Amino acid sequence: MTNNDYVLKYAKAVLSDEIIACKKIKLACQRELDDRKKIKNKDYPYYFDNELANKVLKVLEILPSPNGNNIKLALFQKWLVCSLYGWRTKKGNYRRYNKAFISMARKNGKSYLISSLAIVSLLFDNEPKRNRQILFVANSLSQALISFNMARSELNQLALQSSSLRRRLTIRKKEIYDNLTDSFMIPLPSDADRLDGYNPTTAIIDEYHASRDDSVYNVLASGMGQQKNGLLAVISTRGFKRMAMYEHEQILAKILNKEIQDDRYFIALYEQDDKEDVVNLNTDLWEQSNPLLSVKAVRDVMLPKLINDVQSAVASDSLTPVLTKNFNLWSDINHDSFINLETWQSATIAKPNINGKHVVFGVDLS
């Protein structure tokens, strides 16, 4: 292992418990080690290009944050980025991973990760060489604009330092256009009908938890059907209702557990393994859902706020929002329902027969 193979470094650190990680991240890291062994098989269709992965990291390290400072990537962020760009197909040298699903608690650098992936795709991807489409997609335009505006701020700052970049880019409030390659980057609301006309090379779905069904995901995947080097990435914190994102994660869990196979799907699900570790203030384990706590400077600021949020939530008997957003745990119940979801889905419980009856707010009016 070379010293700068951050993917292998992270995977080994997680599996040796040097880094605190949840069970699903451990499964993802074991998958990485298993795949590295498969590279030795000449029939295995993928390889890992560590040199390319590190070139992408160098690009990200020169990107200024919205406040003007360069951001030093944490090891888990290097693992995410290098996995997506380092793994390649032997045939054609395209991305191995054309789908990615990354979930973590809020305030863990998710928007920065989204904006960075988009900038690399706009300026440095070379397949296709022209007319690349980079889409930020979220439940609302205002939500999509959050990550887009971060990318816009970063590119504005770079353009101030580079006359060639100023000539190359046209930066508007809701579009960034690359004059050199006729490529563009735009934010869009998650409207399946409106998205149907696009042919994205990189499509990033933010806050997927708000999607009621997979229609937007499917439209984007369909639009990318002819892209040899495309990437459809979901990067989201979980929500209060178990809708499309929850259902999607059930499939991802089966991939991680080797019940089904999808070698082109990258999966990183940061979650708290046990909610009792939250309630009991076992802060040493909070990195399971908040990987940015691994950075001491961040931890010193972030951890006291998390502790205060938990203590306030316990005192007011309103823990669900904190468990969901601060620790990336699915709620035990849907806020719009009166019955525990697991109880409802249980085969032993009799479901009420409401066929042909007038039902309002769950009350039988017949």
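The lining of the largest cavity divides into five nonpolar, one polar and three charged residues; Ala, Val, Leu, Ile, Met, Phe, Trp, Tyr, Cys and Pro count as nonpolar, Asp, Glu, Lys and Arg as charged, and the others, Gly among them, as polar. The model is predicted: local features need pLDDT of at least 70 and side-chain atom pairs 80 or more, whereas totals for chains, interfaces and linings use all residues. Residues are numbered from 1 along each chain as its sequence is written.

A cavity is a set of points on a 1 Å grid over the protein atoms alone where a 1.4 Å probe fits but cannot get out, and lining residues have an atom within 4 Å of a point. Volume is the space filled by probe spheres set on the points, which are joined across faces, edges and corners. The search finds two cavities of 30 Å³ or more.

| Cavity | Volume | Largest share of lining |
|---|---|---|
| Largest | about 60 Å³ | H2, four residues |

Among the residues lining the largest cavity are Arg31, Trp79 and Phe266.

Helices (H or I, at least four residues) and strands (E, at least two) are DSSP runs, numbered from the N terminus. In strand E8 (residues 202-206), five of five residues are buried, meaning under 20% relative accessible area with a 1.4 Å probe, protein chains only. E8 pairs in the parallel sense with strand E4 (residues 133-138) over four bridges, pairing requiring at least two DSSP bridges. Leu135 stands opposite Ala203.

Conventions: Heavy atoms only, no water. Buried < 20%, exposed > 50% of the residue type's maximum accessible area, 1.4 Å probe, protein only. 1 Å grid on protein atoms, 1.4 Å probe; cavity = no way out; pocket = protein on both sides within 12 Å on 5 of 7 lines; lining within 4 Å.
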